[in-house]
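Hi,

Here is the structure I promised to pass on to you. My notes on it follow just below.

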Amino acid sequence: IAALHDIHKSLAVTLQFIGRFTRVSKKVGDATVVMNISDPKVGNELEILYAEDADWNKLIRQKSESTIQKEIDFHEFINNFSGELSEHISLWNLRPSFSTLIYETKCENWFPKKFVEIIPEKYKYWYAVNDKEKILVVVISREENVNWGKYKDIKNHSFDLCVAHWSDKYKALFLQCSDYDVINCNKLSKIICGNTTKIKNGEKVFNIFSDMERPLARNLGVSPSRKNISYTMHFGTDITTGLSKIDKAESELNNIFCWGYQGGERVSIGCSAKKGKVWSIGGGPITIWKDWCYKMADKIFDSTIEENKIIQDFLRPRELQGRHRSIPLLVQWSENILKADENKITISLGENEYKLYDINLEIINYSKDGPVFFKIFSGKQESIYKIQYNRIGCIYSVVKGEEVRIRKYSGDPVPLVDYVENDPIIVMYVDGSFSHNNSHISIPQPNTFFDKNKLNVETWADTNIQIESLGKENKTNSVQYKVSEIFKDDYEIIFNDDASGEAADIIAMRQESNDSFKLHLIHCKFSSDKKPGARIADFYTLCGQAQKCIRWKHNGIGYLVNHMKRRELSWQEDNKTRFLKGNMDVLNKLRKFSRFATNFIFEVTIVQPGLSKQKVSDDIIQLLGSTEDYLIKTSDATFNVICSD
């Protein structure tokens, strides 16, 4: 820390963070470093400095700018606030949600303290203003009668947060309220920014979806042209009806909430054209909220975007009247399960219980018609289910094995056939589309196939291409062993994750640079024949695994590392290890470093020695192209294929 700034300034700033705090000190050369660890976030960000095997001199040089400077900047940001609010609550801990109204202004300056003119006399309030950053924070205290009886001494007490920021860059006022009905936002905007201030609403707010990949609306509000109906909401497959009405100019889009991908990250954003409100799931410190507002403004104020074409790319769910005529590529749990703590989900196959990280789902019939068959398995135990489609819906039933039950957290076990009614399993197809229960979503096909020249050829002289797994025996003639040797010198961690519930067959990690972290997930499959050829059946499972694995990026490195630790501990019980290179200390070091990294590099590789580059067929190239397109759009991943000559 002292290497970045004068040690006295750094320690002074650290101490000024603290109301009530815990001190931790450690000797670094001749200096003693003191840290505040009472704030969980501060503790997490500085945790790397306490790694047992840390190179302190190197870490201080590398991390001082990215860690301490952030804290110094935020400290100065908070210190620039004036007003009585800080006497009542800590400005450090404010976490406004990601939502805002945007007002266009023509003023050369703003007058934030005039907000008092619209606060009802019956409300109490406290405020703080940062003149340098042009930010106003107001906390409003309300006391109202309960609505369930008439009592003199029983009141409802509530507190609401309002944050306003005037941006000279955009000539815009951003206004966020925990409850937008507490004050008259339009009046507030005019009082502090002038009577010419007006809400930025209408079609322009839909610009926030302009760079979204695979956008899927979760709800949609439209105002039909018929005057006897003022507003209708659409959900599920009915969203397609609403979008079609907009396409035909029969209705006007009013509000929409959507899931999709931006910059390789999973996002959930929404907006209302009439109110001019935009929002996203999540929240953060005021500085982060301000950055989020600017990201929204960059699109909303972009005059080059054609608003009327934005919804053309929205995915449109349709109700299946029977089986979708494409080969099912993979089956996976719902997003609700995949985002949950793996230790908190229990899957029962009959009397045997397994955690989520010990369970796999896999398609077992790659055909275009008939029921979809899939298995749920762990080790040698498996249960086979089928999904039959008809005009009424779809029906799940057990074909072989024990009934599967799902228990989330401390709830009761629920049979799979009942659970999927409200939280359905996802089936993805070779054509890129996917379905959940009897709702099907088509995906525009990519314009290009996979580039044959990008197929990477390896020699397999000492490898039995029909043996896939290393196993606990560390089989040196297996495909996985060969692959681990190929990448061994390039990564700090090489981890054998092969088995039910895997993230990948091989997990590779490294620190790419001072501010970059790389995660590489490698999926291997044995050849179905002794000689390389062009058998598309060898790629269905592989491409399915590649598409499934994006969740390990979206859930975060901490989630993946916890998964790896659980897998390693189970092997250590047999005096075995899954680490082919590195160990738990190196893994912990990389996990901690990943928190600081500003650049996350994600790579996915599939390995099939049963493919001959010279003989590769068009259907394989098309499948690889569809997989690459999916990975790029949903996770910004680099996609590689390793095969034979």
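Tyr151 sits in the loop that runs between β6 (135-145) and β7 (155-167); helices here are DSSP runs of H or I with at least four residues, strands are runs of E with at least two, and both are numbered from the N terminus. Tyr151 is partly exposed, at a relative accessible area of 44%. On that scale, buried means under 20% relative accessible area, exposed means over 50%, and partly exposed is in between, with a 1.4 Å probe and protein chains only. Together with Trp148 and Ile154, Tyr151 forms a nonpolar patch on the surface, with about 340 Å² of accessible area for the three together. Patches are made of residues with over 30% relative accessible area and no salt bridge; like charges are joined within 9 Å, and nonpolar side chains (Val, Leu, Ile, Met, Phe, Trp, Tyr) within 5 Å. The areas come from the Shrake-Rupley method with a 1.4 Å probe, and for residues only the protein chains shown count as cover.

Before you go further, please note that this is a predicted model, in which local features need pLDDT of at least 70, side-chain atom pairs count only at pLDDT 80 or more, and totals for chains, interfaces and linings use all residues. Residues are numbered from 1 along each chain as its sequence is written, and side-chain values use heavy atoms, with hydrogens and water left out.

Now the overall picture. The protein has 14 helices and 34 strands, and 51% of its 645 residues count as buried. It exposes about 30,600 Å², of which carbon and sulfur atoms supply 46%. Among contacts with a separation of 6 or more, 66% come from residues 24 or more positions apart; contact means heavy atoms within 4.5 Å.

Next, a helix pair. Helix α12 (residues 557-572) packs with helix α13 (residues 584-596) at an angle of about 170 degrees, and their axes are 10 Å apart. That makes α12 roughly antiparallel to α13. The α12 side of the contact is made by Ile557, Gly558, Val561, Met564, Lys565 and Glu568, and the α13 side by Met584, Leu587, Asn588, Arg591 and Ser594. Axes are lines fitted to C-alpha atoms, for helices over the stretch in contact, and angles run from 0 to 180 degrees between N-to-C directions. Angles under 35 degrees count as roughly parallel, over 145 as roughly antiparallel, 65 to 115 as roughly perpendicular and the rest as oblique.

How many salt bridges does a search of the whole structure find? It finds 24, where a salt bridge is a side-chain nitrogen of Lys or Arg within 4 Å of a carboxyl oxygen of Asp or Glu. One of them joins Arg567 and Asp497, at 2.9 Å from N to O. Arg567 lies in helix α12 and Asp497 in the loop between β29 (493-496) and β30 (506-513), so the pair ties together parts that are 70 residues apart in sequence. Both Arg567 and Asp497 are buried.

Glu382 pairs with Lys375 in a salt bridge, with the closest N and O atoms 3.8 Å apart. Glu382 is partly exposed at 31%, whereas Lys375 is buried at 17%. In the salt bridge between Asp538 and Arg535, the closest N and O atoms are 3.2 Å apart. Asp538 is buried at 7%, while Arg535 is partly exposed at 24%. Salt bridges that share partners also join Arg142, Glu144, Asp160 and Asp179 into one network.

Two residues are worth a look for their contacts along the chain. Asp515, in the loop between β30 and β31 (516-524), is partly exposed at 38%. Beyond its neighbours within four places in sequence, Asp515 is in contact with Phe593, Ala597, Thr598 and Asn599. Ile642, in strand β34 (residues 638-644), is buried at 6%. Leaving out neighbours within four places in sequence, the contacts of Ile642 include Asn456, Trp460, Phe487 and Ile606.

Finally, some backbone angles. Most residues other than glycine have a negative phi. Lys134, in the loop between β5 (124-130) and β6, has a positive phi of about 60 degrees although it is not a glycine. Asn474, in the loop between β28 (455-457) and α9 (479-487), also has a positive phi, near 55 degrees.

Best wishes
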